[in-house]
Amino acid sequence: MLDDAVRISGVDLTNPEVYQAGIPLEAFRELRRRAPVAWHPYSAGPGFWALTGYDDILAVSRDSSTWSSERSGVFFDAPPPEEAYQLSLMMLTMDPPRHTALRTLVSKGFTPRHVARLKGRMADLAAEIVEGVLDRGECDFVSDIAGALPSFMIAELLGISHEDGRRLYELTETMNSERVGAATESVIQAQLEMFEYASALAERKRVDPGDDIATALLQAEVEGQRLTELEFNLFFLLMINAGGDTTRNLVAAGTLTLLEHPGERARLVAEPGLLSTAIEEMLRYVSPVNVFTRTATKDTELRGVRIAEGDRVALFFPSANRDETRFRDPDRFDIGRDPNPHLAFGGGGTHFCLGANLARVEAAAIFPEILARMRDLELAGPVERVRSTLMNGIHSMPVRFTAA
Ligand code: HEM
């Protein structure tokens, strides 16, 4: 008999409103306990096996020959049909060996030297962002602080002005706001502008190279191969998409979690040396990316459940991150938790987040500023979460504080 995830958990995991109300922790717990590999129907397409246990999610992530990202993509809701957007997901939705070749090439842009250089710049930028709101005594934490950070980071990565970074980030917001359903004029327009920008940038950097990731990507060579112009443009789009909302959500939801746990917040203020374990704990607790899917390339089995070739499985990262067999007292927010082998950046397979260290650098730059300068930070209105099956995030979060 098939275990039906909806019947067992009482929740439809394909409904974006579920996540808008908060991560369905109770439903995930019930599934981990009763049916960690459970069939989940989907009204808008083929169903899938919902995987909620840490070990299964890890195993599937690490075996891309059995579990394909390419055969039917990585989303249970198909991305919109317009070509540019689908293509932009290329790297995420490729299998080895095609994926390996591209990944090796783009990894050349993310050298330790680049990350180290960004570290210094991010500290200044984070100070600037917080400084920018201090006089007001209140702000929308998401757009003014958490959202400003990735757009500045994009600018630094690409060696472009902050103004342009803001504009590109706005364009991704337009593109992502309409991920479901037909492409509207504004989405197509945004994609076009993004592509034109990427092409012009490539042109500029070829003539006038800089010490930035855009230049490194254009110059990178593996076995005589370089990125084509199309590949550069698509990777550019993926980088802005993958690095924007995710980091914004980590910073916004991480801050909210600190507000909800005043003891842990005070502990972090008193012991700044806990910052790096605190960031890992925020990643675990908040899990900005909710789910990606894979498709079985052959008949196989997970925990004794038979899975047919062509069936999809959905990896629910927030559930893995609360798995009681891996994390002691998993619902406790403990900024000193160590070890903390969370799966917020994926399960360590071929698609493991390429920007994980950049995201950590951004978080490590902004949190000390928030804690030191936005004294008595508190909510000043209702928190509105993002309506999405893909992202666990916060749309708006009015706050007030005293400048320090
Ligand atoms: C808190 C912030 C972030 C989170 C939670 C996050 C999470 C993830 C996850 C879960 C994956 C898929 C992993 C898998 O399937 O195994 C991924 C892939 C990826 N991420 Fe991130 N990410 C973050 C920030 C960033 C940043 C800042 C960048 C770049 C600037 C970035 C670039 C990418 C890319 C390019 C991939 C695709 C890698 C591939 O397919 O080989 N991410 N990320």
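Where does proline 97 lie? Select the loop between α5 (83–88) and α6 (98–107), and proline 97 is there. Helices (H or I, at least four residues) and strands (E, at least two) are DSSP runs, numbered from the N terminus. Residues are numbered from 1 along each chain as its sequence is written. The model is predicted: local features need pLDDT of at least 70 and side-chain atom pairs count only at pLDDT 80 or more, while totals for chains, interfaces and linings use all residues.

**Two cis peptide bonds**

The peptide bond joining proline 96 and proline 97 is cis, with omega at about 5 degrees. Next, go to aspartate 338 and proline 339, which are also joined by a cis peptide bond, with omega of about 5 degrees. Proline 339 sits in the loop between α16 (317–320) and α17 (356–373).

**Two residues with positive phi**

Stay in the loop between α16 and α17 and select aspartate 329. Aspartate 329 is not a glycine, yet its phi is positive, about 50 degrees. Aspartate 329 counts as exposed because it has 9 C-beta neighbours inside 10 Å. On this scale a residue is buried if 20 or more other C-beta atoms lie within 10 Å of its own, exposed if 12 or fewer, and partly exposed in between, with C-beta atoms placed from the backbone.

Arginine 303 is the next stop, in the loop between β6 (300–302) and β7 (305–307). Arginine 303, not a glycine either, has a positive phi of about 50 degrees. With 12 other C-beta atoms within 10 Å, arginine 303 is exposed.

For background, most residues other than glycine have a negative phi, and most peptide bonds are trans.

**A helix pair**

Now select α13 (residues 229–260) and α15 (residues 275–286), which pack at an angle of about 95 degrees with their axes 9 Å apart. Axes are lines fitted to C-alpha atoms, for helices over the stretch in contact, and angles run from 0 to 180 degrees between N-to-C directions. The angle makes α13 roughly perpendicular to α15 (under 35 degrees is roughly parallel, over 145 roughly antiparallel, 65 to 115 roughly perpendicular and the rest oblique).

To show the contact, pick Asn249, Leu250, Ala253, Gly254 and Thr257 of α13 with Met282, Leu283, Tyr285 and Val286 of α15. Two residues are in contact if their C-beta atoms, placed from the backbone, lie within 7 Å.

**Aspartate 212**

End at aspartate 212, in the loop between α11 (185–207) and α12 (213–219). Aspartate 212 is partly exposed, with 19 C-beta neighbours inside 10 Å. Not counting residues up to four places away in sequence, aspartate 212 touches Leu157, Leu158 and Gly159.
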